[in-house]
Structure formats: structure tokens, C-alpha cells
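Visitor: Hi! I have a chain open on my screen and would like to talk it through with you. Could you show it here too?

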Amino acid sequence: SGTPDIMHRYHQPVELMSSVDEPLLVELSDDGQSINSAFEQVTSTVSKDSPVPPVQLLSSWKPYEYAVYHYSPNQESVDKQNNIVTVGVGFSLSVIGSSVAPDREHFLRACIGSRLSPLYLDSGQIIALEPPEAFPSPSLCYYTLVDLQSEEGSNVNKFILCFLVIGKQGLELFRSELDSFSMQLKPLLKQLLPYETAEVKFPGSELQLQLNEWFTINVEYLARVVQAYHMRLPSLLHTAVNVGVEVVGENSQKVRDIKQFVDSCSLASVLHFDKVKKDVDLLLLDDSTQENKDKPLTICVSDGDCTLNPDLTSQFCSNWAQVLLSQGTASPDAFFLRQAIENYKLKIVQDMNAFRRLVRQAETNYHAIYRCYLFLSTCGNGRLLLDCATKEAETVDLNSEALAVLRALQMHIDKVGFNSSKA
């Protein structure tokens with residue numbers, strides 16, 4: 001009947017037959033031994049005339065793996081301005097530690113080795129793994145160069161970190177988390193130096209513990225936030241899209257989860273707020289008054305709940321939360337959650353582009369200001385768009401026509417509000 005899907009080989013034990021007899025427990029090997037092969041292994045030990053006992057397969061194999069290599073190039077050139085490393089002819093990759101089975105690790109190293117030029121410092125790349133006989137299910141690999149180059153200019157302290165997901169698509173959605181995580185591992189990699197003894201020091205090290213949990217830390221945090229704070233999700237989203245949110249609490253894991261959730265929802269990168277001052281005003285998504293903009297943005301995390309100051313929401317964020325909760329709270333899929341977050345961020349960017357065009361028209365046609373007002377009233381996130389556009393105009397030219405249009409809109413909305421509850 002063919003080899004079952006690889007995703008069925010872990011998490012839950014699989015019973016091949018049912019019987020009143022006690023089941024035989026068979027542990028699957030880490031290299032992805034198929035259920036059919038395990039079944040054949042059991043039946044070969046049972047006499048021909050005896051009934052086959054029920055078989056229960058156990059496996060500790062996880063749908064995510066890692067590998068760490070020491071990277072030694074024979075020749076390379078570095079573009080420091082663009083953080084690009086170009087590899088010359090000849091290099092070596094030595095395994096420091098890996099959770100990948102030895103036969104598949106050989107194919108993984110070959111895949112990585114064929115794609116080592118160019119390498120982008122502090123920014124990883126994602127590839128589909130081949131060949132199919134080594135990785136039978138759709139598999140993706142994130143890999144990045146971590147350079148521990150000393151001030152003396154040593155060229156030997158370079159490592160390649162690889163993170164694999166098996167049977168899943170969408171790892172590219174978590175590239176920023178993996179970039180940050182990889183850079184945070186630099187101190188732990190330094191503890192393994194000199195590199196000649198790194199392979200001996202790796203087992204049982206803090207680095208190994210962190211790598212074993214890379215998927216839990218950098219991907220599954222979304223599921224944990226949705227499960228723990230689903231009742232507060234609209235307010236969390238409302239706060240998370242802002243710039244300069246402070247997360248505090250005593251539980252370090254929950255604080256880290258919320259911080260990552262805030263970063264994943266933040267519009268700072270997609271709306272280019274890199275140059276905006278740190279004490280940026282609150283980007284309101286509802287019809288709250290101007291005085292609310294002076295309140296600090298904080299999320300206080302406790303074991304069972306989180307407190308937001310100010311605690312606000314909007315129809316836009318309520319709709320967003322409904323999509324995130326559409327899978328329920330029992331076991332939401334982190335890849336689905338991240339894709340839903342990116343889709344809503346994309347909608348904001350599209351609305352922002354449309355609003356910019358209307359503002360440009362209003363610079364020379366004052367009748368178009370009313371069209372701007374109607375757009376903000378009906379798009380679902382009018383407060384956000386208006387504040388974002390205003391901050392963007394302030395960074396370009398404080399005396400621009402666009403800023404005059406935006407301030408006129410702000411004065412009108414502060415006076416009469418929106419003519420729709422959607423804003």
C-alpha cells in the first residue's frame with residue numbers, strides 16, 4: 001500500500017492492528033523508518049501459524065531538525081557595505097552537531113554546499129531539500145552564516161546553522177525570527193571555540209539545548225499566544241500593530257512569546273518607520289479621543305492573562321482576530337496563523353497605497369479631500385492609515401502640501417468623527 005505519509009510517524013503512537021493481546025511496542029529509528037518496514041520487522045519474529053499481535057509504533061522523531069557546521073573557505077571576498085560573502089573555489093563543511101540522521105545529513109550537506117555563494121551576513125536563506133529519496137516529504141531548510149571573526153582578522157571561526165522542517169511549507173514566513181535567533185546564538189557558539197574541539201564540546205551544551213528547541217521558540221510561539229490569550233486577541237492585535245510597544249512580566253517565556261507576536265504584527269517594517277522617533281505617538285485604530293495618544297503602550301504579561309495599557313480595540317482588529325481563531329484554540333497551526341497575519345498586514349499596505357494616491361490628488365483638488373475622508377471612514381482601519389501617512393509626511397517635509405491635507409483631515413475627524421463605525 002506504499003509508505004504512509006511521513007508526518008504520521010511521530011507525535012502519537014500508531015496502532016497497526018487491534019487485538020485483546022498486549023501490543024508489541026516498536027520504536028521507529030531516527031532516519032524515518034517506514035511503518036511498513038516496522039510491521040515487516042515484527043511479523044518476521046512471529047511464527048507462521050500464530051496470530052500477529054497488535055503493534056504500537058513509538059517515535060521521538062520530530063518534524064523539525066537542525067545541523068551546525070564549521071565552515072572553512074579556502075578563498076572568499078567580503079562586501080561589507082552589503083553584508084555579502086562570495087565564496088571562491090574550495091571550502092570545507094565539518095559537522096559540529098546535528099539531529100539529522102547520518103544518511104540524510106550527507107544529502108543536506110551536499111545541498112548546502114552547492115549554494116554557499118553568495119552568503120548574506122546576518123540574513124539566512126531558505127531552500128527546498130533534495131533529493132526526494134532522502135527527504136520524501138516536502139522539506140525546507142533555513143541556513144545562515146554566523147561569523148565569529150576576531151579583531152585580529154581570523155578566518156576560521158565561521159559556522160553554518162541549518163534549521164529544517166519536514167512535511168511543512170511556509171518556513172520563509174519566519175525568516176526574521178530565525179535571523180534574530182541565529183545571531184543570539186553567537187555567544188554560545190563562542191563557548192565551543194577553538195573550533196578544533198567544538199564537536200567534543202557540543203553534546204550537552206547550552207547551544208545544543210537551544211537548537212533542540214528552535215522550532216518551539218521561533219515558530220510555535222504564535223500558537224501559544226493564541227491559545228493563552230484568545231479572549232484578548234483583538235486588543236493584543238490593536239496594540240501589536242503600533243510602534244514602540246513595551247512588554248513586561250515575570251514569566252520570561254510568556255514575555256518572549258508576546259514580544260515575538262508584537263514583532264510579527266508590527267507595521268514598522270512594512271510602512272518604513274525605521275527613522276521615526278522612539279516616542280512615536282499611538283497609532284489609533286478606533287474613534288478614541290486625542291488625549292489617548294499620550295498614554296504609554298505597555299503589555300503586562302502574567303501567567304493566565306495580560307494587561308494592556310491602553311486597552312483598546314477596533315472592528316478591524318476584531319475581524320483579524322476571528323480569522324486567527326478560525327482553527328480553534330486547541331492546536332492552531334503556526335504556519336496558518338503567520339500567513340493570516342501577513343495577509344492582514346498586506347491589506348493595510350494596499351490601503352495605505354490607495355490612500356497616498358488620494359492624498360496626492362487632494363494636494364491640487366480640494367474636492368478630493370472629501371474622497372479621502374470617505375475612504376478612511378469605510379476602509380476599516382482609517383485611524384491607522386491617517387496616523388501612518390502623517391508620520392511619513394513629517395519625516396519628508398514639514399511644509400509639504402500632503403501634510404497640510406492630512407492635518408486638515410485630522411482636524412475634521414477630531415471634530416465630527418467618522419461617518420462609519422468601521423473606521
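Guide: Happy to. Let's begin with Ser182, which touches Tyr142, Thr144, Val146, Leu161 and Phe163, leaving aside residues up to four places away in sequence. Please keep in mind that this is a predicted model.

Visitor: Thanks. Where is Ser182 placed?

Guide: Ser182 belongs to helix 3, which covers residues 175-184.

Visitor: And is Ser182 buried or exposed?

Guide: Buried: the relative accessible area of Ser182 is 0%.

Visitor: You listed Thr144 among its contacts. Where is Thr144 found?

Guide: Thr144 is part of strand 10, residues 139-147. Thr144 counts as buried because its relative accessibility is 2%, and the cut-off for buried is under 20%.

Visitor: What does Thr144 touch, beyond residues up to four places away in sequence?

Guide: Its contacts are Ser123, Gly124, Phe159, Ile160, Leu161 and Ser182. Leu161 is also touched by Ser182.

Visitor: Let's follow Ser123, then. Where is Ser123 found?

Guide: Ser123 sits in the loop between strand 8 (119-120) and strand 9 (125-128). With a relative accessibility of 29%, Ser123 counts as partly exposed.

Visitor: Which residues does Ser123 touch, again not counting those up to four places away in sequence?

Guide: Thr144 and Asp179. Ser123 and Asp179 are 56 residues apart in sequence, yet their C-alpha atoms are 5.7 Å apart in space.

Visitor: How do contacts look over the whole chain, in terms of sequence separation?

Guide: Taking contacts between residues at least 6 apart in sequence, 71% join residues at least 24 apart.

Visitor: Good to know. How many helices and strands are there?

Guide: The chain has 15 helices and 14 strands. It has 423 residues, and 48% of them count as buried.

Visitor: New topic: cis peptides. Which residues does a cis bond join?

Guide: One joins Leu193 and Pro194, with omega at about 0 degrees. Pro194 is in the loop between helix 4 (186-190) and helix 5. Another cis peptide bond runs from Asn309 to Pro310, with omega near -5 degrees. Pro310 lies in the loop between strand 14 (306-309) and helix 11 (315-324).

Visitor: Why point them out? 

Guide: Because most peptide bonds are trans.

Visitor: Where is Lys201 found?

Guide: In helix 5, which spans residues 198-201. Lys201 counts as partly exposed, at 35% relative accessibility.

Visitor: How far is the C-alpha of Lys201 from that of Gln191?

Guide: The two C-alpha atoms are separated by 8.5 Å, with the residues 10 apart along the chain.

Visitor: Now some helix packing. At what angle do helix 8 and helix 10 pack?

Guide: About 105 degrees, with their axes 9 Å apart. Angles from 65 to 115 degrees count as roughly perpendicular, so helix 8 and helix 10 are roughly perpendicular to each other.

Visitor: Which residues make that contact?

Guide: Helix 8 (residues 221-228) contributes Tyr221, Leu222, Arg224 and Val225. From helix 10 (residues 252-265) come Gln253, Asp257, Ile258, Gln260, Phe261 and Ser264.

Visitor: And how many are nonpolar, polar or charged?

Guide: The contact has five nonpolar, three polar and two charged residues.

Visitor: I also have Lys259 selected. Where is Lys259 found?

Guide: Lys259 is in helix 10 as well. At 41% relative accessibility, Lys259 counts as partly exposed. The C-alpha atoms of Lys259 and Val248 are 9.2 Å from each other, and these residues are 11 apart along the chain.

Visitor: Is Cys265 buried or exposed?

Guide: Cys265 is buried, with a relative accessible area of 0%. Cys379 is buried too, at 13%.

Note on methods
Residues are numbered from 1 along each chain as its sequence is written. This is a predicted model: local features need pLDDT of at least 70, side-chain atom pairs count only at pLDDT 80 or more; totals for chains, interfaces and linings use all residues. Side-chain values use heavy atoms; hydrogens and water are left out. Axes are lines fitted to C-alpha atoms, for helices over the stretch in contact, and angles run from 0 to 180 degrees between N-to-C directions. Helices (H or I, at least four residues) and strands (E, at least two) are DSSP runs, numbered from the N terminus. Angles under 35 degrees count as roughly parallel, over 145 as roughly antiparallel, 65 to 115 as roughly perpendicular and the rest as oblique. Contact means heavy atoms within 4.5 Å. Ala, Val, Leu, Ile, Met, Phe, Trp, Tyr, Cys and Pro count as nonpolar, Asp, Glu, Lys and Arg as charged, and the others, Gly among them, as polar. Buried means under 20% relative accessible area, exposed over 50%, partly exposed in between (1.4 Å probe, protein chains only).
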